[in-house]
Structures are given as structure tokens and as C-alpha cells.
Amino acid sequence: MVNKALQPAAGPVREPAGSGARKRRGRGRPRAASAGNVRERLLHAARELFLRYGYRAVSSRQIGAAAGVNFAMIRYYFGGKPGLYREILQGLLPPQLHEFEAWAEAGGAALPEILSNMVGMWAANPWVAGFVLREVLVPGGPMRTMFLREFPERLAPLVERAVRAQMRRGTVRSDLDPKLLVLSVVSLGIFPFLAFALTSRVFGVRHDEEFVSRFLAHTQELLAHGVAPAAGAPPTVAPPAAPHPNSAPGASVHGVIARTRERQ
């Protein structure tokens, strides 16, 4: 008995109408079951490459190769490399950012909360400093426009609004400039982590919980009470400072400048 299944077909096998189109779509669009996996692989690969080498140094082909998928999937899922970068940035920023935005929008965020949220975000994400320095602050930074639009330009007015609300309630001095006060808070909270390469060596800045708690307590106290001694506290007498080599009794700034020019 002959097994008909092993006999050659009498002619070419015709595919059902439309099957070729389905196959062509399959090469460009992954099935629903694998779509989430492809998307996550792209995000994971791009996150590692972007944070290590920077936006400009990484191509879509490199991301696709690292993810093991066709780089055309970047455009399919994210609209291109900029959209992929934006999604990574938004995904890496912690939930505190959204909480902070909600606080500020409601006018209920006090300055200590604003400072604590800000410091917590930078301390918990050491990569942010490198990203801002490399991609935002350098001349022609590739992510400057996107970063400003997504974060500072969106959040700064909300913080200022919260500060004005506190001024109206009498919990913050009303004679201060709200915009400059926000600038001062941002400077106090962000600079130690933005300049971590220097501040870690000179001032012992760290990202661990012990330092962050101590830094927050100190900065909140400084923000609330300044550097003047507390009322009723006994005055402290500082030891006299050693005279500067260029100074003399009654010497003026102009005299010091003149002597410096003479030496030159």
C-alpha cells in the first residue's frame, strides 16, 4: 500500500487568498503575544546603552541589535529614537515626581516637602546627574528641549504657585521673591548631587539614607531659620582670623589690587 502522504504533489500548492499579506505584516508587526516582549526588550536595551554612552552615541541599529529585534520596531512602537528616549526618561523618574506635581497643583506642598521630594529623587537616581550634565547642560545638548519641556518648565510654575499659596497663608515670608525662592530651594537641594564628582570628595556627599536624612534635616533647618543665632542664645566669639599676607591695617581693596598689579 502506498502512503499517499509521501507522494509529490501534482502541482504547486496554492495559498489561501490573503495569506501572503498576513505573512508580510507578520514580518513588520509582531503578534500580540510577542508585542509586549519586543517592546520591553527595546526599552531594556536602549536604557542600558543610553545611560552608558549617551543619546548621540547610540544608533537605532545598535539598539535593535542589543535587543535582538529589527530596529524598525523602534519607529513602530515609539515613533523613533527620540520617542524611545522620552519613554525611558519618564519611566526612570520615580513616582515621587508625580506625587510632587499633585502636591504643587493642590497648593498643599510646603517647602520642606518640596525640598525632601527633590533631594529624594536625585539621591535615589544617581544616573540623573550624568544625564543632565551630558545631555542637557552642555552646549547643544540633544535632550535639552525635551528635558525642559517635560520637567523644569512644567514643574517650576507649580512650585512657584505652591510658594505663593504659603505666602498668602503666612507660613512663608511674603517679602521674598517667589521665583528666586524656588531657585534657592532648587539650588540647595540639587547642587550637591549634580556636582557629585566634586562634592563627594570635598564635602562627603553620598546617596545613602544616612547622609540624605542628615542633609535634609540640616537644609530644612537652614531654610526655615537661616544662619542667625536663635533668640536668647548666648553670643559666641570666634577666634580672630589670621591676617591675609596681602592685607595691612587700614588696607583697602583698591590697595590690594594696586600692589598685585605692581608685582605683575
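**View 1. The largest pocket and the residues about its centre.** The largest pocket of the predicted model has a volume of about 710 Å³. Its lining is made up of 29 residues. Those that lie nearest the centre of this pocket are Met118, Trp122, Pro152, Val186 and Ile190.

**View 2. Helices that line the largest pocket.** At least two lining residues come from each of helix 6 (96-106), helix 7 (111-124), helix 8 (127-137), helix 9 (144-150), helix 10 (152-169) and helix 11 (178-194). Helix 11 supplies the largest share of this lining, 8 residues.

**View 3. Residue classes in the lining of the largest pocket.** Sorted by class, the lining of the largest pocket contains 25 nonpolar residues, together with 2 polar and 2 charged residues.

**View 4. The second largest pocket and the residues about its centre.** The second largest pocket holds about 330 Å³ of space. It is lined by 14 residues, and Leu111, Thr171, Leu223, Ala224 and His225 are the closest to its centre.

**View 5. Elements and residue classes in the lining of the second largest pocket.** Helix 7 and helix 13 (209-225) are the elements that give two or more residues to the lining of the second largest pocket. Helix 13 gives the most, with 5 residues. By class, 8 of the residues lining the second largest pocket are nonpolar, 5 are polar and 1 is charged.

Notes
Residues are numbered from 1 along each chain as its sequence is written. This is a predicted model: local features need pLDDT of at least 70, side-chain atom pairs count only at pLDDT 80 or more; totals for chains, interfaces and linings use all residues. Side-chain values use heavy atoms; hydrogens and water are left out. On a 1 Å grid over the protein atoms alone, a cavity is a set of points where a 1.4 Å probe fits but cannot get out, and a pocket is an open set with protein on both sides within 12 Å along at least five of seven lines; lining residues have an atom within 4 Å of a point. Grid points are joined across faces, edges and corners, and a volume is the space filled by probe spheres set on the points. Helices (H or I, at least four residues) and strands (E, at least two) are DSSP runs, numbered from the N terminus. Ala, Val, Leu, Ile, Met, Phe, Trp, Tyr, Cys and Pro count as nonpolar, Asp, Glu, Lys and Arg as charged, and the others, Gly among them, as polar.
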